[in-house]
Amino acid sequence: MAFPTQRPRRLRQNENWRRMVRETALSVDDLIVPLFVVPGEGVSNPVPSMPGVSQLSVDEVVKEAAEIQGLGIPAVILFGVPHDEDKDPEGTEAYNPEGLVPSSIRAIESEVPDLLLWADVCMCEYTSHGHCGLLTEDGEVENDTTLDLLAQAALTYAEAGADAVAPSDMMDGRVWAIRETLDQQGFLDTPIVSYAAKYASAFYGPFRDAANSAPAFGDRKAYQMDPPNVEEALREVELDIEEGADIVMVKPAMAYLDVIRRVKDTFGLPTAAYQVSGEYALIKAASEKGWVDEQRVAMESLLGIKRAGADMILTYFGKDVARWLG
Ligand SMILES: [Zn+2]
């Protein structure tokens, strides 16, 4: 009989023992910070549902990028948030070379050249209807015509100097369309970070404040994944890898830890997870009320995502984590 010969508590009795047998570590190397870029100069608009997160104009986003790099974080991901009057049904601003994301990329690149700049690729921040692609007359999001626009947007960001493009739209075939266009234009070395398993989640609520991207009608359930499914997530990831994805992402993270684990175990590719706005807001709100310890709950959540198999995590806690890790 094992007891009392085996007493697992022996290796937990003090911090040095715990350090020596710790299986998972969260590091600053694992972090990617999302940034929201708005028009103007000297603009820093706090997002009410995401305390600590602000929409920033290009000049301010450069300062933020410098601070992030100063904390040792390797990468940021950029989202453009144009004014409503600059949106149209075709999402033209998504592939305007003078748009918010390309302008930010050039500005950051010249001031903070070593930071990796990922550019989110989707139409919903730029379309007047707020959907992730072109609409048919019946209001359906049309897959194949949207691919050209996504490829055009990705190319625009690569030309501006993006270190990676990250399609988040969930159209079928978009990784292939983007890879083909990038390769034809000589951007062979620009990686694609694919939001491969992106679920139609209620956890995105605060992001839509931040990115002003709520659909004007309907929802995104006809293109984003149905939350109960994991086998389908594996098919989505497999297709994106076949089409040329370099990094695959699961989004959201906390409610999909099993998906992260299955994706990592099945494919072994560098796997990212997005701790989304709702996950962040829950922790922030409960800690503001004094109901949980923000730092401990945030770190435990991120550690859980890492333990589930994520190699890297997109998180609004990025700067805090870098400081907490010291
Ligand atoms: Zn979208």
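I looked up V21 and found this residue partly exposed, at 40% relative accessible area (buried means under 20%, exposed over 50%, partly exposed in between, with a 1.4 Å probe and protein chains only). V21 sits in helix α1, residues 15-21 (helices are DSSP runs of H or I with at least four residues, strands are runs of E with at least two, numbered from the N terminus).

I noted that the model is predicted: local features need pLDDT of at least 70, side-chain atom pairs count only at pLDDT 80 or more, and totals for chains, interfaces and linings use all residues. Residues are numbered from 1 along each chain as its sequence is written, and side-chain values use heavy atoms, with hydrogens and water left out.

Next I checked D30. D30 lies in the loop between α1 and β1 (31-37) and counts as buried at 7% relative accessibility. A polar atom of the D30 side chain is 2.7 Å from the backbone nitrogen of S27. Leaving aside residues up to four places away in sequence, I listed A25, K306, D311, M312 and I313 as touching D30 (contact means heavy atoms within 4.5 Å).

Last I went to the zinc ion. Its protein donors are C122 (SG), C124 (SG) and C132 (SG), at 2.2 to 2.3 Å (donors are N, O and S atoms within 2.8 Å of the metal, or 3.2 Å for Na, K and Ca; water is not among the atoms, so sites may look incomplete). C122 and C132 both lie in the loop between β5 (116-121) and α4 (143-160), so the pair ties together parts that are 10 residues apart in sequence. I found C122 buried at 1% relative accessibility, and C132 is buried with a relative accessible area of 1%.

Conventions
Polar contact = N/O pair within 3.5 Å; in protein donor to acceptor, adjacent residues only side chain to side chain.
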